[in-house]
Each structure stands twice: as C-alpha cells, then as structure tokens.
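I am opening a notebook on a structure that is new to me. The entries below record what I looked up.

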Amino acid sequence: MENIIEVHHLKKYFKTPRGMLHAVDDVSFSIEKGKTVGIVGESGCGKSTLGRTMIHLLESTDGRIIFKGEDVTRVNAKKLRELRENMQIIFQDPFASLNPRMTAIETIREPLQLAEHYSAAEIETETAKIMETVGIDRRLGNSYPHELDGGRRQRIGIARALALNPDFVVCDEPVSALDVSIQAQILNLMQDLQEERKLTYVFITHDLSVVRYISDEICVMYLGQMVERASTKELFRNPVHPYTKALLSAIPVPDIHAKREFVKLTGEVTSPIEPKPGCRFMARCPYAAEACKKPQELSELSENHFVSCIRVKEIN
Ligand SMILES: Nc1ncnc2c1ncn2[C@@H]1O[C@H](COP(=O)(O)OP(=O)(O)OP(=O)(O)O)[C@@H](O)[C@H]1O
Ligand SMILES: [Mg+2]
C-alpha cells in the first residue's frame, strides 16, 4: 500500500520564558491511504501540536512531512495553498471553532469561496451536496451555531472540512465534547465518509474505547515523543511500553486472554521544557533503571510493533 503521508523526525518547539518547550520531539511515522491512525496520550503530550504541524497549521521546527510525495515543509506559498485544501482538520468543540456570526450554509460555503477556483453555481451545488452528505437538513442552512445542538454543529464542522474534497483529515477529539449517544452517530458518519471518499484520518483522542473502535493503528505519545506504535489489535492485546500498559490498565478488558497487568504510576511528570536526553517517562516508570538515562529510540520489536524503551525485553 502507498503511504499518503510520511513524517520524518518532526519537531515542534515553542519558545517560553523558561526555555524551549518540546511539544513534538523527533516523531516519525507514516500512514497508508484510506487508513485511520489514532493518537493517544495524556493532556499536554503534544497530540494537537502533532496534528496541526502535520497539516502545516503550525510551522514545524525541524523534520520533514512528505504528503503525496511532496515535502510540505519546503513548498512555496502557492503550492502550500493547494496542499492545504487537501489536508483539513475537524476540531473538538465546533462551538468554539465555528464563527458564531455565520450561518450553517455560510460556514460550509466559505472554504469553497476562498479556494477561488469554483464558479458561483458550483459553490451552490457543492454546498448543497456536502450538506446532504453529512446529514444537515437544508432548512437548517440559515441557522446559527447557537441554534443547533452539538451533533449538528459537529456535522457542520465535518462538512466544512470536507467541502474541498481533501484526502487527509486530522480529527482532533471530534466527539469528545458530544453526548455519548451522539458520539456513535458522528463516528459512524465519519467512517461512512471515509469509505466513500477514501479518506485518511489521524484521529486524536483521550478516549481509548473511541480510538479502539475507529483506528487501524495506534500511536501512543508521552511528552512530545512516540513511545509505542502498533495495529489496534496488537496494541490492546500486547502493550509493551510501561506507559502504554498504565494507560490501558485503566480500562476494562473485554478479552479475557489479553495480557494485562495493572501498572500504577507514581512520581512527577517531567517538564517538556528543555528535557534531558534520556527516557521522559523515567520519573514515573516502575521499571526505571540506569540504562534509561540514555536517549531512547522507537524501534521495531516485532512486525509492525514499535516501542521506545531500552528495557522492553527484560520487563515483558
Ligand atoms: N502556542 C503554544 N505556545 C506554547 N506552548 C504551547 C503552545 N501550544 C501548545 N503548547 C504546549 O505544548 C505541549 C503540547 O500541547 P498540545 O496541545 O499539543 O497537547 P495535547 O496532547 O493536544 O493536549 P490535550 O489532550 O489537553 O488537548 C503542552 O505542554 C502545551 O502547553
Ligand atoms: Mg489537544
């Protein structure tokens, strides 16, 4: 299968008064066309920064992003505009991300207008088409975000993201702000759209049951780095990084054969500002040893199962 996007040694640092904050620190992975890769990890580990940097909403500090064979980090402004149409984002809270003064139809129409290569007639047909696709009744076209419920608002967010027919969509906690009953509807819609349009998703979430349901593969992040990556099935069946084990041990196990031990975290979270070279999870890891002070690298443990832990063989 062809990779639609490849991320090589991506870094995104933020300047802060206390030094450089390493929000994304040397992350590499690739995604096959039509797949969903879930990104999990606790608040502040860099999930949103990674997603936003991948689609160039944030400028990277270092590294390369190859999208459909082209280096997104090194293109001119015109090419970037083109690429951007092809890489979109769905945000967590559509109430915060939608313009409160724009109606549903105006919100969905706007990206088509900004793209500058659609005629007025095309804009109207495309807008009507995408509204129907995401299940927004035409009669709601003149409603403002505050007049709609969370599910409908997110349908508008999805319609806006898909209006230009992108290939790649970063979904940043798209259902976290919704009632559980609505979450399933939106997830199903996203899956149907993925199938119809051969979309590739990066799906960011805190919710392990959501990520398990939606993703083909999962990346686990800890303080700006990827600590484990595997197919969804393999990751839930056989988590090997101590942080992944701790993360997964918090949820119930439906599969009685799954290897699962309870890992309790102690210690303080390391600061993401000017971190030391060794393992960032060390301060909280029950298996920490001298060797963990060395820089760690994500390496392949078994086929398509990657982990960044020098002691992985001893502790599993
Ligand atoms: N514009 C910014 N300036 C400075 N620091 C930032 C900026 N944006 C994010 N950060 C920091 O970068 C780190 C990663 O933040 P990010 O929002 O990517 O995490 P996250 O995993 O998406 O968290 P959450 O689950 O809460 O959404 C955090 O330490 C955050 O404080
Ligand atoms: Mg986030």
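Entry 1, terms. I take helices (H or I, at least four residues) and strands (E, at least two) as DSSP runs, numbered from the N terminus. I am working with a predicted model, in which local features need pLDDT of at least 70, side-chain atom pairs count only at pLDDT 80 or more, and totals for chains, interfaces and linings use all residues. Residues are numbered from 1 along each chain as its sequence is written, chains are lettered from A and ligands numbered from 1 in the order in which they are written, and side-chain values use heavy atoms, with hydrogens and water left out.

I found the UniProt annotation "domain: ABC transporter", from an unreviewed entry, over residues 5-248. UniProt positions are in the numbering used here, feature names are shortened, and annotations may be inferred rather than shown by experiment. Across residues 5-248 I read 41% helix and 27% strand, with the end C-alpha atoms 28 Å apart.

I looked up an open sheet of four strands and noted the order 2-1-4-5, with antiparallel pairing. Strand 2 (19-32) and strand 5 (70-71) are at the edges with a single partner strand each, so one side of each has no neighbour in the sheet. Two strands pair if DSSP finds at least two bridges between them. Strand 4 (residues 62-67) pairs with strand 5 in the antiparallel sense over two bridges. E70 in strand 5 is the bridge partner of F67.

Where does R74 lie? I placed R74 in the loop between strand 5 and helix 2 (77-86). R74 is exposed (over 50% relative accessible area; buried is under 20%, partly exposed in between; 1.4 Å probe, protein chains only), because its relative accessible area is 59%. R74 and R64 are ten residues apart in sequence and 8.4 Å apart in space, C-alpha to C-alpha. Leaving out residues up to four places away in sequence, R74 touches G63 and R64, where contact means heavy atoms within 4.5 Å.

I noted 14 residues around ligand 1, the closest being S43, G44, K47, S48 and T49; a residue is near a molecule if one of its heavy atoms lies within 4 Å of it. Helix 1 gives the most to this shell, three residues. An oxygen atom of ligand 1 is 2.8 Å from a polar side-chain atom of K47. Taken alone, ligand 1 exposes 640 Å², of which the protein buries 62% (Shrake-Rupley method, 1.4 Å probe).

Notes: A polar contact is a pair of N or O atoms within 3.5 Å; within protein, one must be able to donate a hydrogen and the other to accept it, and residues adjacent in sequence count only if both atoms are side-chain atoms.
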